[in-house]
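Welcome! Take a moment to look over the sequence and the structure, and then we can walk through a few questions together.

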Amino acid sequence: MDSNETYDVFDRKDWQRFHGRLGTNHITQQELAQVKALNDNVSLEDVQVIYAPLRHLIHIYLNQYQQQRTAVSDFLNHPRRHVPFVIGIAGSVAVGKSTTARLLKLLLSRSYPNYKVQQITTDGFLYPNAELTRRGILDRKGFPESYDMEALINFMNAVKSDKPQVLAPKYSHQVYDIIPDQYDVVDRPDILIVEGINVLQLPSNAPIYVSDFFDFSIYVDADPKLVEQWYLERFGVLLDTAFTDPDNYYYQYAIGDRKAAFDMAKKVWRDVNLKNLRAYILPTRSRADLILHKSAHHLIDQVYLRKF
Ligand SMILES: Nc1ncnc2c1ncn2[C@@H]1O[C@H](COP(=O)(O)OP(=O)(O)O)[C@@H](O)[C@H]1O
Ligand SMILES: CC(C)(COP(=O)(O)O)[C@@H](O)C(=O)NCCC(=O)O
């Protein structure tokens, strides 16, 4: 194990040993099959070596959270309130936040069959393209000013207050915009996973941060050169699925010259997403409880766990 001022750093060999005392937290064959169905490319070895111990660690945080809530209710002499346990996942565009969120949701749902585990992305809290255009910031999509942070904070407040049927607006990568009148419904979950590039950011003019609502936070990290490659691979998939759908934002690129399309995507990566990563996303890394560091092919080579 290495360490720096804030984190203990574990390589795969170290980390895979943390299955809990009885080693009972291994991943079953059935779970592996479900992971394959979720994303063919996820390394099943990573699921065993990295995600099984991570699930165990989250279990410890969750237990401690519940004990504390019970103790405070006893102190106040009133019944324990149901307050969702919230996990935040941050990192660059295309680093794999939503895949990590889906994987954790699946594993946690299996561990806690009686719990309701839900997942949302903060992409839905981007302003619609029309509003970004009105503000003159369409080319700043993903930057802090492109999100309706007040709506996101209100959403988090409602979820933590255990309100029923809290609505999260929907963003579509295919349409490249918010879909009007479509929502994800968060309905009194036991565990909510919130992923997005901005979840550990500190808004300059608000007294409260999204991360104030988190009980555990993760930053997914990788060399920007690799993330660019993953961004371009995802762009390729978006192109491949756009051919037959003229409403798809990528349709014009899909039916046009493929090299020109990739040149455009490289430019967007360099001028928008990479700039955003350097200026506004990477600086939030040190706020996470845990950092998953990825190497080539999305393999996690190091795990950083906060010392305090
Ligand atoms: N663990 C993983 N193994 C293989 N491919 C992955 C993994 N995580 C993400 N990907 C791929 O990388 C791309 C970006 O992942 P995604 O989860 O959409 O990122 P984000 O939510 O951070 O934008 C997608 O094409 C996805 O299929
Ligand atoms: C919607 C996003 C801000 C968020 O990205 P995600 O984390 O979902 O990959 C991003 O995908 C995006 O659209 N960025 C703007 C520049 C671009 O890639 O077109």
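For "binding site", an unreviewed UniProt entry lists Gly91, Ser92, Val93, Ala94, Val95, Gly96, Lys97 and Ser98. Keep in mind as you read that this is a predicted model.

Q: Which residues is Ala94 in contact with, leaving aside its neighbours within four places in sequence?
A: Ala94 is found in the loop between β3 and α4 (97-111). Ala94 counts as buried, with 22 C-beta neighbours inside 10 Å. Leaving aside neighbours within four places in sequence, the residues in contact with Ala94 are Val227, Trp230, Tyr231 and Arg234.

Q: What span should the 17 residues of helix α7 have?
A: Helix α7 runs over residues 224-240. The expected span is 1.5 Å times one less than the number of residues.

Q: Within what arc do the buried residues of α7 fall, seen down its axis?
A: The buried residues of α7 are Val227, Glu228, Tyr231, Phe235 and Leu239. They line one face of the helix, because seen down the axis of α7 they fall within an arc of 125°.

Q: Which residues are exposed on the other side of α7?
A: The buried residues of α7 pack against α8 (251-255) and α9 (258-281). On the other side of α7, the exposed residues are Glu233, Val237 and Asp240.

Q: What covers the buried residues of α6?
A: In α6, the buried residues are Met149, Leu152, Phe155, Met156 and Val159. Seen down the axis of α6, these fall within an arc of 120°, so they line one face of the helix. What covers them includes β5 (166-172), β6 (177-186) and β7 (191-195).

Q: How far apart are the end C-alpha atoms of helix α6?
A: Helix α6 has 12 residues, 149-160. At 1.5 Å a residue, α6 should span 16 Å. That agrees with the distance between its end C-alpha atoms, 16 Å.

Q: Which residue with a positive phi follows α6?
A: The phi in question is near 65°. The residue that follows α6 with this positive phi is Asp162.

Key
Residues numbered from 1 in each chain as written. Chains lettered and ligands numbered in written order. Predicted model: local features only at pLDDT ≥ 70, side-chain atom pairs only at ≥ 80, totals over all residues. UniProt positions renumbered as here; feature names shortened; annotations may be inferred. Helix = DSSP H or I, 4+ residues; strand = E, 2+ residues; numbered from the N terminus. Buried ≥ 20, exposed ≤ 12 C-beta atoms within 10 Å, placed from the backbone. Contact = placed C-beta atoms within 7 Å. Arc of directions from axis to C-beta.
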